[in-house]
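Keep the viewer open as you read.

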Amino acid sequence: MSEQKRDRFDPSIEAKWREFWAKEGIFNAGRRPNAPHRYILEMFPYPSGDLHIGHLKNYVIGDVLTRFYVSRGYDVMHPFGWDAFGLPAENAAIKRGINPADWTNANIQESKNSLNIAGIMYDWSTELATCKPDYYKWTQWLFQLLYTRGLAYRAKSLVNWDPVDQTVLANEQVDSEGRSWRSGAKVEKRELEQWYFKITAYAERLLQDLDKLTDWPEQVKTMQRNWIGKSEGAEVTFTCDAGDLVVFTTRPDTLWGATFMVLAPEHPYVAQLTAANKKAEVDAYIAKAKLTKEIDRTSTAREKSGVFLGSYATNPVNGAQIPIWIADYVLMGYGTGAIMAVPAHDERDFAFARQFGLDIVVVVQPDGQQLNGQTMTEAWPGEGSMVNSDPLNGIPAGKGDGQSVKAAIKWLESHGKGKGTITYRLRDWLISRQRYWGAPIPMLHLEDGSIVPDPRLPIELPQVEDYLPKGKSPLAAATNWVNTVDPVSGKPAKRDTDTMDTFVDSSWYFLRFADAQNADEIFAKEKINRWMPVHQYIGGIEHAILHLLYSRFITKVLYDEGLVPNDEPFDALFTQGMVQRRVRTAVVHSSAGIEFPEELRRKIELPAGVVGVDAARTALKQHGYTLEGDAIQGFEAVSGPVTMSKSAGNGIPVGPFVRQYGSDVARIVVLFAAPPENSMEWTDEGVAGAQRFLNRIMALFMTERDAVAAHVPGSVTTATIADHERDLWRALHIAIRKISQDTDAFRFNTAIAAMMELLNEVQRYRSEHAVGAAYYEVAHTFTRLLSPFAPHLAEELYAAFGGNGSVYDAGWPAWDEAALLVSEIEVVVQVNSKVRGRIMVPAAADAAQIEEWARNSPRIRELIGDATIRKVIIVPGKLVNFVV
């Protein structure tokens, strides 16, 4: 480094260190085969091309941990790959009129270049891409494994259809508003024959094993518990003209209060149960229900609607004939699509009964009250005693011990009317997709209707002329590929023309990294046993239901097959916050107030139309936005933090930024701005602050590089350090402890703050003393403390100070507890609980000595004078309070 740049950070140094790390394999897995190991992994991305700073946060977190553990002597696997199949690549390729493979491969290379420029170090020998045949061969093998275990099956059912992307979606891929997670289109229902994975067979284990995941965010575990949705109750059979109507209820004790039944409009019995004079009305209602979002259908605030079918069912507990209705608040996708309605004790049933004048029978009477079904103004879902329920009358109901429910189940089972059971909200995973860019489903359809596995893996994706979505898979047009022969039976066969959901690809990729180049098996057992489970997984909370749940399911299947050593894939999970940058959004201002664009209005939770200035200002402030302009000139825009993205137009490309400012500057901005689990705002001020921090390091240490290099690290100890250097020596060991503990606990911002505090101590020391042993030790140690956070500068300093090889092989510094002790401490002196002075006393001083020194302090003697000291309160090491 040139002399004129000794006091400033120069980003041009970074390229040589990236080349050095790659050449020496500093971060390659297996480099230390006899050392303890760590597997650190960030959720792999869809290759979108040039990365922006918003992408960087996730990868920087993993890189910090990797460098930290490598410095501590661990053998670390930190791999990378590409979630390369799926709709994003296919839609982008369609838009540009190119092949999805060409688009994907070009983006992979561009994204990889961005990661390299950013100094994010991976073991690229384990790189994988889900769109490559050497990967999806094993995705297909996994499909066939599930098939042989009875966990992959084909069935006809109502499915979620995305009319924009022209493909089906799993339940988990439809949001709470009934829209596609990818396209945002309103999802339709269609009846199709599709492939499913039987994830419901693992529902209980997926639920119970969440308790084992002690290092997962509680929010993620709660989301999975709610999605799995375990309910305990009873299955009860009501008879009707169409056959048996099976109902699941968590409150079988209220069966005696069931006065009508409600079917989902999509229920298969509806047509048979509809009376001729009701058909037109029922058909119209069904058509309307198909156009209503599920979130609206189940809303308790919405006015209830429905149609009586003209048929009746028999209540099995009392023989009552109760009317059968259809209503859109009952969903076919949950339970059996049929409910028994107990209006006296369920809010929705009560509203429905009042709307249509249906009977209300009280079967749970609250203590001290006398409810009457004819005069009730709201349902009573609470506790009480059973009434109007002959075998259960008098039993406490609705209490935590479930006494009335248990008694009802016992009665139902003894009378052959029903049975206790458990149900789950979780539904089987629909994995068929009617799109081109995905892994082909490796099954053959024979002429006799049977379906068999195709053993010729991989079944490669063929080239097709037209891969535009048409409601059926584009592969169906590839007749030369579709028409084949079953190699086992020799019979003519047709290949399955659907492709797999891209979440199948990502449900096991973390396992393949352990043995990514193995062409003979999915992975070798000794390698998977070495690395799994992932010790630290890092990614967004938006994957709590989809990717994380599917990965847990597939891992459990492989564990049951004896292929992996653990039945949970990720020991610890960390969900990072987003990187945001302020964006200006134009608004319309008038004398009546301000009108906001729809997307912004929903984000800041304002009503539609014109909003008053004061109300707008309050709502904007709550979401971090500010108005630009004033009431006289008219507000022209609002400015607020928006998550960095290409679509928002506020992304900062990694390449240009790093070339101008350096990767180390970007890393410090991202790591210091906020705790990593929180969202952070990227600002020019943050960039300038990171530059000042790195420049200050250079100014404080590189100006003495020759003297530092001449010093032998570790040649002084707590016992031999000079008295005038003890404060700096203690500050160093406080920093080592703080940075070590905070880095291990993901408190990167406070770890960097501790480095800044240490620099303050160095500056104070240098202003008072000629540099000596403590300063030299700080300089050598600081390079290692800095190495996870600003790695290029750390290597540069390490080399400048005479280090051999890499700073990551120099070992992580340890603190000396003895160095943390102090010889003197400051004690606050109070008179009548008001601070009147401070004195320095030996750290080992007892209470009597502290009191004596405080009494003899000139300032305190002057204040007390001849007054009588009534009481002395001493808090050792902190304060003395004289009560006079």
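Start with arginine 552 and glutamate 568, which form a salt bridge whose closest N and O atoms are 2.8 Å apart. The two partners come from distant parts of the chain: arginine 552 belongs to helix α17 (residues 547-560), while glutamate 568 lies in the loop between α17 and β26 (570-575), 16 residues apart. One thing to keep in mind as you zoom in is that this is a predicted model.

Is arginine 552 buried or exposed? Its relative accessibility is 0%, so arginine 552 counts as buried. Glutamate 568 comes out at 7%, and because the cut-off for buried is under 20%, glutamate 568 falls in that class too.

Across the whole structure, the count of salt bridges is 37. The general idea is simple: side chains of opposite charge can pair when their charged atoms come close.

For another case, jump to helix α25 (residues 748-768), where arginine 764 and glutamate 761 sit three residues apart, which means that about one helical turn separates them. Their side chains meet in a salt bridge, at 2.5 Å from N to O. How accessible are these two? Arginine 764 is partly exposed, with a relative accessible area of 40%, and glutamate 761 is also partly exposed, at 25%.

Now for the nonpolar side of things. The largest nonpolar core contains 179 residues, and Trp429 and Trp682 have the most contacts inside it. Which helix gives the most to this core? That would be helix α2 (residues 53-71), with ten residues. There is also a second, separate core of 57 residues, with Phe238, Cys240, Val262 and Ala408 among them.

Finally, center the view on tryptophan 429. If you set aside neighbours within four places in sequence, its contacts include the aromatic residues Trp195, Tyr196, Phe197, Phe503, Tyr550 and Phe553. Tryptophan 429 is also in contact with Ala170, Ile199, Val504 and Ile554, as well as with Asp501 and Ser507.

How values were computed:
Residues are numbered from 1 along each chain as its sequence is written. This is a predicted model: local features need pLDDT of at least 70, side-chain atom pairs count only at pLDDT 80 or more; totals for chains, interfaces and linings use all residues. Side-chain values use heavy atoms; hydrogens and water are left out. A salt bridge is a side-chain nitrogen of Lys or Arg within 4 Å of a carboxyl oxygen of Asp or Glu. Helices (H or I, at least four residues) and strands (E, at least two) are DSSP runs, numbered from the N terminus. Buried means under 20% relative accessible area, exposed over 50%, partly exposed in between (1.4 Å probe, protein chains only). A nonpolar core is a set of buried Ala, Val, Leu, Ile, Met, Phe, Trp, Tyr and Cys residues joined through side-chain atoms within 4.5 Å. Contact means heavy atoms within 4.5 Å.
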